[in-house]
Amino acid sequence: MKRYEPVRFLDRTLYSNVCLARDQVTGRFVVTKSILKSADPLRIHQFHVEIDVLTQIQDPFVPEIMDALETENEFMMTQTYIEGTSLNKMPVKERYRYRNQIVTESLERLESVHRIGFVYMDLKPEHLIWRDHHLYLIDFNACIPIGSRQAILSSYPELVRRQEKLDFCLDHQALALMLKTLYPHSFGFRLLFRILHRGGLRSARSVRRFLRTVKIGSRIMMVSLCLVLSVFGLPDMVLKPDPLTKYRLLPNSERFMNAYFYTLEQKSGTAEEKAQENLYQWIENNWIDDSVYKDPHTALFLLDQAVQSEDPGFCRYLLKQIPTSIQNEIPQTILLIKSTLPSEPALPYSFYHAYLKQIQSETNQQRLSYLDVFEKSLLENAIVLNAKDMRHLTKLEAETKSDANHACLYLEYCLFLKAKGISISIPETWPKKYASDAKWNELYQLWRQAT
């Protein structure tokens, strides 16, 4: 395992190690686990069970097994590293904000384990990682086959002692106990704990339906309360509805802005925190009407709010909701957002064509920023412009007051095209203008040799 350079120990015992390491080939962080052959045979057995589970499981929100090998003295494996915040370290405010999603995604992760014939056995907040608005499950070394009579490891030994045969109901009861400690004051959750503990609502879909019913019930109670108040002394609440009420009675893109700012003004904290909380409220309550996504102005506003929140989860969600035809009308914003999101699919060529046309009218400084993003995306996605767009890009570069960093970026794209047998010119003034820049000179010499 010389490929993986240790960074720090995550867990260490006399016979086993769990270590955060860096893959020297890809530069990414990974988790390496090892156990000595002289360790307890049951512990060694569970080490192999973890490899077996991670090899079989089909879920994007669990670690992937990368390597597994045996040396003279120990067994070793490497997994992808899930970087995020464990539920026990998640701020209470955030934990309550995303509570419904945390419950349903916890069940979905457990269902993935159950589908391949195992009970997870070790459910606790430390093993649930919140990352990019999704819940990940880690540490599978306590898993046992469904129907087993003995557990090697468990976070809830008192539950194990009550059951003759161990099945997925134990995981559901463990989830109920864990959620009870995380959300002690939620009425709807107290009812859910009791149902889960007794073996009801065994799927994530049924739990999601239950939580939706609780939410609808609470809304009916609120409407009833408002009606009572309107009869007994608060008619203005009905006669003069607030902007949010007006929008929800007749949702459209025109009323959306007033309603959105109305709820935004009620939030506290920094601009980033207010944007996060307000966007979550609107998305969670399904208040954003389709007409809002289909209007370029309100769609652009929502994307700006997502960028301000600095939360990639909101950006990804909105990009899925906004129609492609609307995205094509705001290519600068879309490309800026996509360039900050990892593992995003490449945009269609028509998008690059539209982007190039729209930046012509920008001021010099703004145009330079857009060209930076544009050319980085061209390189990252190996996009070859057609002849007409190539001439347009060359003209824009000649008309824009550039700097050495951008000139180097453009020259990198020129070298990329040269490697494909395509020639493209550079502004005549650049060789003399950037002669003192070492990186420029190195790239320029390579470009001249290729020419």
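How many helices and strands does the protein chain have? The protein chain has 22 helices and ten strands; helices (H or I, at least four residues) and strands (E, at least two) are DSSP runs, numbered from the N terminus. The model is predicted, so local features need pLDDT of at least 70 and side-chain atom pairs count only at pLDDT 80 or more, while totals for chains, interfaces and linings use all residues. Residues are numbered from 1 along each chain as its sequence is written, and side-chain values use heavy atoms, with hydrogens and water left out.

Of the 451 residues in the protein chain, 44% count as buried, where buried means under 20% relative accessible area, exposed over 50% and partly exposed in between (1.4 Å probe, protein chains only). Among contacts with a separation of 6 or more, 59% come from residues 24 or more positions apart; a contact means heavy atoms within 4.5 Å.

| Residue | Helix | Relative accessible area |
|---|---|---|
| Gln 276 | H11 (residues 271-284) | 15% |
| His 406 | H20 (residues 404-419) | 1% |

Gln 276 is buried. Not counting residues up to four places away in sequence, Gln 276 touches Arg 97, Ser 309, Asp 311 and Phe 314. Phe 314 is 38 residues from Gln 276 in sequence, and their C-alpha atoms are 8.4 Å apart.

The axis of H11 comes within 8 Å of the axis of helix H13 (residues 296-309), and the two cross at roughly 125 degrees. Axes are lines fitted to C-alpha atoms, for helices over the stretch in contact, and angles run from 0 to 180 degrees between N-to-C directions. That angle makes H11 oblique to H13; angles under 35 degrees count as roughly parallel, over 145 as roughly antiparallel, 65 to 115 as roughly perpendicular and the rest as oblique.

On the H11 side, Ala 271, Glu 272, Ala 275, Gln 276 and Leu 279 meet Leu 302, Gln 305, Ala 306, Gln 308 and Ser 309 of H13. This contact has five nonpolar, four polar and one charged residues (Ala, Val, Leu, Ile, Met, Phe, Trp, Tyr, Cys and Pro count as nonpolar, Asp, Glu, Lys and Arg as charged, and the others, Gly among them, as polar).

His 406 counts as buried. Leaving aside neighbours within four places in sequence, His 406 is in contact with Leu 368, Leu 371, Asp 372, Glu 375 and Glu 397.
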